[in-house]
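Let's take a look inside a protein. Have the sequence and the 3D view ready.

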Amino acid sequence: MWRNLIGLLKFLDKIACTVKSHVHGNLRHRCVRMGKKIFRLLHTEIIDIFHQSFSRILAEKLHKIILAVIGQPGKFRNCKVFLVMKADMIQNFLSFPHYLYTGNFTEAIERLKFWRVVGNSAYVTLGTMLVCTIISFMAAYGIAHIPGKLGNVLYLIFTLGQIIPFHSIMIALSVQLTNANLLNNLTVLIFLYAGFHGAFGIFTYVGFLKSIPKELEEAAAIDGCGMFRCMWQVIFPLVRSTSITLLVLFFLWTWNDFLMPNLYVSDSGLRTLTVAIYMFKSTSGSEWNLMLAGMTLSMVPIIIIYIA
């Protein structure tokens, strides 16, 4: 085992020497920027650390590689770096860490403007659930009660609407929204989602509505119940389980969607949570620690709703 450890340390030395002797010019400048990002992300004293001799040596070797890439260690003397590589983590990858570091979550909340983007996502999601459920149920109720072939034709049209992928019409839709000056509008986004999810809602509701006996509606009509009152007070409670299923699906599809808000909402103050998390990724690199922290935070509202 010690032979393997010594070989690893020699390998780290070789990497440090190679990087230091071959990084020049523009590439060196890029490495300096990358080094600054490493110091900013990792966050505390440069070798804070290790309790066992091998761990301490390994930390120094990693430090040596970082300084070789940066090239100007004196310039970053006051930078803070956090290298949490406990000896038990090196010996057993599956062991739990003894140090709980919450700096990534704090920085992610601050840079995401977390509460604003959560509010935007909640507005779009809840609005989509409400609008899509109402429109789907009313359309399905009408289709289920249209006699003859016309009802079957309409049902087929809405069913075929599910097979049209969003990617095939997103460019044309973007052009239309631009011409109508409807970009950067969360309410417009709600109705777009309602249009795309509504086909599935109608398809699901029609199947259940056709199984409800007509005698219930006839009895309600005899008691003086109008069409709309019968629809909402007599029939809608009977499809409660279907409505709950659709609400859960609409919630998941809207909350987790990235493509539509990314295309049609460019205002930084109107970004949804998924788009805001993606901003941690850029052409020069990805801040994986903040991205993963943001993804973890995005699951919290769903877990709370599930528990509640």
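## Ground rules

This is a predicted model, where local features need pLDDT of at least 70, side-chain atom pairs count only at pLDDT 80 or more, and totals for chains, interfaces and linings use all residues. Residues are numbered from 1 along each chain as its sequence is written, and side-chain values use heavy atoms, with hydrogens and water left out.

## The cavity

There's one cavity of 30 Å³ or more here. The largest cavity holds about 40 Å³ of space, a volume being the space filled by probe spheres set on the points.

Its lining includes Ser121, Tyr193 and Asp257. Helix α6 gives the largest share, three residues; helices are DSSP runs (H or I, at least four residues) numbered from the N terminus.

## The core

The largest nonpolar core has 50 residues, and α6 gives the largest share of them, 12. Such a core is a set of buried Ala, Val, Leu, Ile, Met, Phe, Trp, Tyr and Cys residues joined through side-chain atoms within 4.5 Å. Leu209 is among those with the most contacts inside it.

## A buried asparagine

Asn104 sits in helix α5. Asn104 counts as buried because its relative accessibility is 16%, and buried means under 20% relative accessible area (1.4 Å probe, protein chains only). Asn104 and Gly294 are 190 residues apart in sequence, yet 8.7 Å apart in space, C-alpha to C-alpha.

Technical notes. On a 1 Å grid over the protein atoms alone, a cavity is a set of points where a 1.4 Å probe fits but cannot get out, and a pocket is an open set with protein on both sides within 12 Å along at least five of seven lines; lining residues have an atom within 4 Å of a point. Helices (H or I, at least four residues) and strands (E, at least two) are DSSP runs, numbered from the N terminus.
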